[in-house]
Amino acid sequence: MISWAGLVAQLTEIVLAVLLAPVLLGWVNQCRAWLQNKSGPGILQPYRTLRKLFAKEAVLAHTASPLFRATPYVLFACMCLAAAIVPTLGTDLPFSPAADAIALVGIFALARVFISLAAMDIGTAFGTLGARREMMVGFLAEPALLMVLFTASLISHSTSLATIVERLAHMKFVIYPSLAFAGVAFTMVSLAENARIPVDNPSTHLELTMIHEAMVLEYSGRHLALIEWSAALKLFVYSCIGIALFFPFGIAEGGDALGLLLALPALAAKLAVGGFAMAVIETLSAKMRIFRAPEFLGTAFLLAVLAMLIHLLLEG
Amino acid sequence: MPGALHLILSVILLWLALGLVGVFFPRNLRLVSRILFPAGALGALLVASAALEALGGDPRTLVLPLGLPDLPFHLRLDALSAFFLLLLGAVTAGISVFASGYFRQGEGTAPGLQCLYYHVFIASMAMVLLADDAYAFMVFWETMALSSYFLVTSDHTKAEIRRAGFLYLLIAHVGAIGILLCFGLLHGTGDYTFDTMRKVQLAPFWATVAFGLALFGFGAKAGMLPLHVWLPEAHPAAPSPVSALMSAVMLKTAIYGLLRVLFDLLHMQVWWWGVVILVLGLATALYGVIFSAVQTDMKRLLAYSSIENIGFILVGIGLAVTFQAYGMRALAALALTAALYHSINHAFFKSLLFLATGSVLHATHERALGKLGGLMHRMPWVAWLALVGTLAIAGLPPLNGFVSEWLLLQAFLFSPNLPHAYLNMLVPVAAAAVVLAAALAGYVMVKFYGVVFLGQPREPGLATAHDAGIWERVGLIWLAAGCIALGVAPVAVIGVIDAVSGQLLGNTLGANASGWMFLTPISAERASYAPFLFLIVILFVWFLTWLAVRQYYHGGVRRAPPWDCGFPAQTARMQDTAEGFGQPIRQVFEPFFRMQRELPTPFDAEPRYRVTVDDHLWHWLYLPMVRVTELLTRVVTLLQRGRISVYLTYSFVTLLILLLFVK
Amino acid sequence: MHLPMISQIINLLAAILLLLSFAMLTQRRILSLINLFALQGFTLTLSTLVVAWSTGQHHLYYSAALTFVLKVLLLPWILHRLIRKLNVKWDVETLINIPTTMLVGIALVILAFNVALPISQLAGTIAKSTLGIALACVLLAFLTMITRSKAVPQVIGFLAMENGLVFAATSATYGMPMVVEFGIALDVMVGMVILGVFFFQIRERFESLDIRHLEKLKEE
C-alpha cells in the first residue's frame with residue numbers, strides 16, 4: 001500500500017513546506033511594500049528574522065507554566081502535520097489516511113486552543129485580551145472553513161483531501177457555481193485565520209488593536225521563532241488548501257517523479273499569484289473594528305452554507 | 001447459565017449491602033472512605049467487565065420473585081443494556097475512587113448516609129438498565145430520582161440547594177408521568193412486560209402519541225430543551241462526585257430509555273419523528289453552549305455544557321431514526337454509532353471535569369470563576385488531568401471527543417439522498433449548526449480552563465490551595481486514561497458498539513477493513529482517520545524540533561516579570577474575568593439572553609459592575625405555568641372552608657350522588 | 001452529472017446573481033449599493049445573451065440590449081445624480097444585526113428552492129434549474145426593502161426585485177413578449193421619476209431621507 005515513491009514524495013512535500021513557507025510570507029510582505037511604493041526588505045527577510053530569534057535567549061515570565069513552554073513545539077508539530085496531509089505536489093501521500101478534511105480543521109483548532117491557553121497562562125490583561133479575540137475569530141472561522149471543505153466533499157463524495165483533489169482535477173470543463181461561493185467564503189476565512197487585514201494587522205504595535213500578536217507578546221527567543229515559523233507554515237498550508245480545492249490543475253497524480261517535478265514550478269507560480277492577490281486585498285482594505293469581525297466571519301459562514309445549498313439544488 | 005447477569009446482580013446486592021453498612025455507622029468517616037467506597041469501585045469494575053463479556057453473546061433473561069404477585073421483576077441483559085452497563089461500571093469505578101478521598105465530615109449529611117444514598121443510586125441505575133418490564137422500570141426509575149434528590153440536597157443547610165433539589169424532583173416526576181403514560185399506551189391489552197410490548201402493533205396515531213410521551217418523559221430526565229431548567233440548578237448544588245455521576249451516567253439512562261422505546265419497543269420508525277428529535281437536539285446543543293459561554297460559576301458552566309452534549313447525542317439519534325425510516329440501514333448504523341460513542345465519551349470527559357472542579361472547590365472553597373486563577377502552579381496533578389478533559393470536550397484530535405464528532409459529521413455528509421426535498425436542504429443547515437456548536441464548545445472550554453487554572457491567582461487566599469489527595473488522583477487518572485484510550489483506539493470501541501447497532505437496527509458499521517489503526521467507516525477512499533498515527537507524528541515532530549533547537553542553538557531560559565506596557569502597577573485582577581471572556585458571545589448572541597446590567601457612573605465612590613444572565617424560557621414557559629397553577633389552586637382553595645360541618649356536607653352529598661346513580 | 005457547457009455557464013451566472021443579491025442585503029454604503037445593482041444588471045444582460053445565443057431566439061437579443069441600456073447605464077446614472085443632489089452620497093446606514101438578516105435570507109433561499117422545484121421540473125427550457133435562484137433573488141430583494149430605513153436603498157431593492165423577475169422570465173419561458181418587456185421598462189422609468197420627486201418632497205419636509213420620519217404623519 002505504501003510505495004517508496006509515495007513516501008519520498010511525502011517527505012519532500014513536508015520538507016519543502018517547512019523550508020519554503022517563510023519565502024511565501026516574505027513574498028506577500030514584499031508585494032505589500034511595492035504596492036505602497038516602498039522598496040521592501042526582500043523576500044528572504046523572514047529567514048533572517050528566524051536566525052536572529054533562534055540565537056537569542058528565551059525570556060520567560062515568572063508566572064509561566066510548562067504549558068507555556070510546550071506550546072510553540074505543539075504549534076509547530078500541528079502545522080507540520082497539516083502540511084503533510086494537504087496535497088501540494090502530489091496526491092499519493094502515505095499520511096493522508098491519517099487525517100481527512102475534518103481532521104485538518106481539527107488540527108487548526110488544536111493549534112488555536114493551545115496558543116490561546118498559552119496566552120492566558122501569563123495572567124496579564126494583554127494575553128487574555130488576545131486569547132478572547134482569537135477564540136472569537138476562531139469560533140466562526142472554523143465552522144466556515146469546515147463548510148467550505150464540506151462543499152468540496154459533497155462534490156467529490158469523499159472527505160479525504162487526496163481524493164478530493166484527484167476528483168476535482170478531473171472535472172476540468174465543469175464549472176461549479178457552488179465552488180464560486182465556497183471560494184469567496186474561503187478567501188474571507190483565510191484572511192481571518194492568518195491574521196491579515198481586514199481582520200487583523202500583522203504589523204501593528206498597538207496592543208489594543210492586536211489579535212494574533214497579543215497572544216505571542218510574551219514569547220521571545222527560540223519560542224518566538226517557532227511561533228513565527230508556524231504562522232508562516234499556516235499561511236502556506238492555507239494557500240495550498242485553496243489551490244488544491246479551487247485550482248487543482250498541475251498536481252501530480254500518483255507518485256511518478258516527472259509529475260512531481262513538473263508540479264513544483266506550477267505550485268510556485270500559483271503561490272506567487274496567490275500571494276500577490278492577498279497583498280492587493282490587504283492594500284485595498286482597511287482594518288475593520290473588532291466587533292465587525294464576527295459579522296465578516298458570519299457572512300463567510302453563511303456564504304459557505306449557501307454554497308452547500310446551491311450544490312444540492314443545481315448540481316444534485 | 002447466564003453468568004454475566006448473575007454477576008451484575010450480585011454486585012448490585014453488594015452495593016446495597018455497602019449502603020446498609022453505611023447506615024449503621026453514619027459518622028465513621030474512615031470506614032466509609034477507606035473501605036466502603038473502594039469496595040463499590042471494585043464492584044463497578046466487575047460490572048463493566050461482565051457487561052463487556054455480555055456484549056458478544058445472546059440476550060439473557062431472568063425473573064426475580066420480587067414485585068407484585070402477578071408481575072414479578074423481569075430482567076434482561078442484551079447488547080443495549082450491556083453497553084450502558086459498561087459505561088456505568090467504567091465511569092463509576094473512577095468516581096467512587098475519587099469519592100473515597102472526597103467526602104468529608106461536617107458538610108450537611110453524614111458520610112454514612114451519603115454512602116447509602118450513593119450506592120442505592122448506582123444500584124437503581126443499574127437495575128433500570130436491566131429492567132425488562134414496565135413495573136420494574138418505573139420502580140427503579142423512581143428510586144433513582146429519589147436517591148439522587150437526597151444526594152443533591154446533601155448540603156441541606158443552604159436554602160438555594162434545597163430549592164434546586166425541589167425543582168429537580170418536580171421535573172423528574174413530571175417526566176416520570178410521561179414515561180408511565182407511554183408504557184401504558186405501549187402495552188396494548190397484555191401484561192406490562194417488554195416482551196409483550198415488542199409484539200404489540202400500534203396504530204400510527206397512537207404510536208406517534210407514545211413517541212411524543214417517551215420523548216417528553218425521557219427528554220425531561222436528559223435535559224432536553226425546554227425541560228432543561230433543572231440541570232443548571234441541580235448539578236452545581238450537588239457535591240462534585242454526585243454531579244459527575246448525574247451528568248455522566250444518569251443522563252445516559254434517559255438516552256437508554258429513549259433508544260429502548262424507539263428502536264426496541266415501538267420497533268417502527270416514522271421519518272418525521274427523526275426530524276423532530278434532530279431539531280430539538282440542535283436547539284438543545286446551541287442553547288446549552290451559548291449559555292455555558294456566559295456563566296460565572298464553574299459548575300453551572302459544566303452543567304450547561306452537559307445540555308449541549310445531550311443535544312449532540314439527540315442529533316445522532318434523530319438522524320438514525322430518519323435513515324432507518326427510509327431504509328438506509330448503513331447510514332442509520334453510522335448515526336447511531338456516533339450517538340452511542342458520544343454518550344460514552346461524554347461520560348468520561350464530563351465526569352473528569354466535574355471531579356476536577358470538586359478538587360478545586362475543596363482546595364479553595366470557591367465556585368465563582370472570578371475568584372480563581374493560577375491554580376496550575378498550586379495543583380499540578382488536577383490541572384494537567386483537567387487539561388486532558390478540556391481538550392477532549394472541545395473536540396480536538398487525537399482525543400475522544402473528536403471521534404464522535406467526526407462520525408456525526410460523516411453521517412451528515414453521506415446523507416443528501418433523502419427522498420424529501422426539504423430534508424435534503426435541512427442537512428447542510430443542520431451540519432452547520434452542529435459545527436457551530438462544536439466550535440463554541442472550544443471557546444467555552446478555553447474560558448473554563450484558562451480562568452480557573454492558568455494566569456495569576458485573582459484572590460490572595462488561593463496561595464494556600466493544596467493539590468488533590470492520592471485517592472482523588474487515582475480516580476482522575478483512571479478517567480483521563482479512558483479519554484485517551486477512547487480517542488486513540490476508535491476501531492476497538494466501534495467493534496463494541498456494533499453489537500448494539502446490530503441488535504437495534506439490524507446493521508453494523510463494522511469496517512475494520514484497514515486494520516486496527518485506521519477508522520474507515522464506509523471505505524478508505526471516502527473518509528479515513530488514524531488518531532494513533534496522528535498522535536505519534538505530533539510527538540515525533542515535537543521531539544525532533546526540541547532536539548534540533550537544543551543541538552544547534554542553546555536551551556537557555558531567563559525569568560523576568562511579564563510585559564506591562566509601561567504600567568508598573570499591574571495586579572492580578574486586571575486579567576479577564578469570566579464575564580469578560582464571555583462578552584463576545586453575549587454580544588453576538590444577544591437576543592437569546594435575558595440580561596440585566598448594573599453599570600457604574602463616573603461619580604461612584606466604589607464603582608461596581610454587575611451583569612446577570614437569565615434564561616428566557618424560565619420567564620416565558622415556566623413562570624406562566626406557575627402562575628396558572630397558583631390560580632387553579634386558589635380556585636380549589638375555595639373548597640377548603642375549615643369547618644367540620646362543611647366537610648361532612650361533602651361526604652353526605654357524595655353519598656347521595658352515589659346512591660342515586662348506582663341503582 | 002455532466003451538463004452541457006451552456007447550462008453550466010448559465011448556472012454560474014445565476015449563482016453570481018444570487019451572490020450579488022446577498023451582497024446587497026448586507027451592504028451599508030449607498031454608493032456600493034448602486035454599483036452592485038449595476039453589476040447585477042450586467043450579469044443579467046450576460047445571461048440573457050447566453051440564452052439568446054444558445055437557443056437562437058432573436059427577441060432575447062433585444063431584451064438583453066434593453067436591460068443593458070436601462071439597468072447598467074441609465075438607472076445607475078440617474079441614481080448617482082439623485083444621491084448627489086440629495087446629499088446622501090456618503091451615507092452609511094446603521095443596519096441592525098447583519099447575521100440575523102443573513103440567516104433569514106438563507107431561510108428564504110431554502111423556501112424559494114423548494115417552491116420552485118416542481119415547477120422547474122415541468123419547464124422545458126435550458127435554464128430550468130435556475131428558476132429557484134430567480135425566485136430567491138426576488139425574495140431577497142424584498143427583504144432588502146424591508147430591512148432598510150433610508151429611502152434610496154429601498155428603491156434600489158425594488159429595482160433589484162424587477163431584476164429577479166426578468167431573470168425568472170428568461171429562465172422559465174425564454175423571456176416575455178416584447179410588448180410586455182417595453183411596458184415594464186416604461187413602468188420602471190416612470191416609477192423612478194415619481195419616486196425622485198417624492199424624495200425631494202420628503203427631504204424638504206423632514207430634513208432627512210430617513211423613512212421612519214414618515215411615521216409622524218399618522219394620526220394620533
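**Model.** I am working from a predicted model, and I read the values with that in mind.

**Interface, overall.** I started with the contact between the two chains. I find 72 residues of chain B in contact with 79 residues of chain A. The two chains bury about 6900 Å² between them, and 74% of that is on carbon and sulfur atoms. I then looked up which residues of chain B lose the most area to chain A: they are B:Leu413, B:Arg559 and B:Trp563, together 9% of what that side buries.

**Interface, polar part.** I counted residue pairs in polar contact across the interface of chain B and chain A, and the rule finds 19. Salt bridges across this interface number two. I noted B:Asp576 with A:Arg132, a salt bridge whose closest N and O atoms are 2.9 Å apart.

Which elements of chain B each supply at least two residues to the side that touches chain A? My list includes helix 14 (375–378), helix 15 (380–393), helix 16 (400–414) and helix 17 (421–453). It goes on with helix 20 (531–552), strand 3 (557–560) and helix 21 (578–588). Helix 17 of chain B gives the largest share, 15 residues. By residue type, I have this side of chain B down as 49 nonpolar, 16 polar and seven charged.

**Strands between chains.** I checked strand 3 of chain B again for pairing. Strand 1 (residues 58–61) of chain A pairs with strand 3 of chain B in the parallel sense, over four bridges. For A:Val59, I wrote down B:Arg558 as the bridge partner in that strand.

**Strands within chain B.** Next I looked at strand 1 (residues 60–68) of chain B, which pairs with strand 2 of chain B in the antiparallel sense over seven bridges. The two form a hairpin with two residues between them. B:Gly67 stands opposite B:Pro72 of strand 2. I also checked cover: six of the seven residues of strand 2 (residues 71–77) of chain B are buried.

**A:Thr151.** Last, I looked up one residue in helix 5 (residues 125–156) of chain A, namely A:Thr151. Is A:Thr151 buried or exposed? I put A:Thr151 down as buried because its relative accessible area is 0%. Where does its side chain reach? The side chain of A:Thr151 reaches the backbone oxygen of A:Met147, at 2.9 Å. Leaving out residues up to four places away in sequence, I list A:Ser178, A:Ala304, A:Ala307 and A:Met308 as touched by A:Thr151.

Notes
Residues are numbered from 1 along each chain as its sequence is written. Chains are lettered from A and ligands numbered from 1 in the order in which they are written. This is a predicted model: local features need pLDDT of at least 70, side-chain atom pairs count only at pLDDT 80 or more; totals for chains, interfaces and linings use all residues. Side-chain values use heavy atoms; hydrogens and water are left out. Buried means under 20% relative accessible area, exposed over 50%, partly exposed in between (1.4 Å probe, protein chains only). A polar contact is a pair of N or O atoms within 3.5 Å; within protein, one must be able to donate a hydrogen and the other to accept it, and residues adjacent in sequence count only if both atoms are side-chain atoms. Contact means heavy atoms within 4.5 Å. Buried area is the accessible area (1.4 Å probe) that two parts lose on being put together, summed over both. A salt bridge is a side-chain nitrogen of Lys or Arg within 4 Å of a carboxyl oxygen of Asp or Glu. Ala, Val, Leu, Ile, Met, Phe, Trp, Tyr, Cys and Pro count as nonpolar, Asp, Glu, Lys and Arg as charged, and the others, Gly among them, as polar. Two strands pair if DSSP finds at least two bridges between them.
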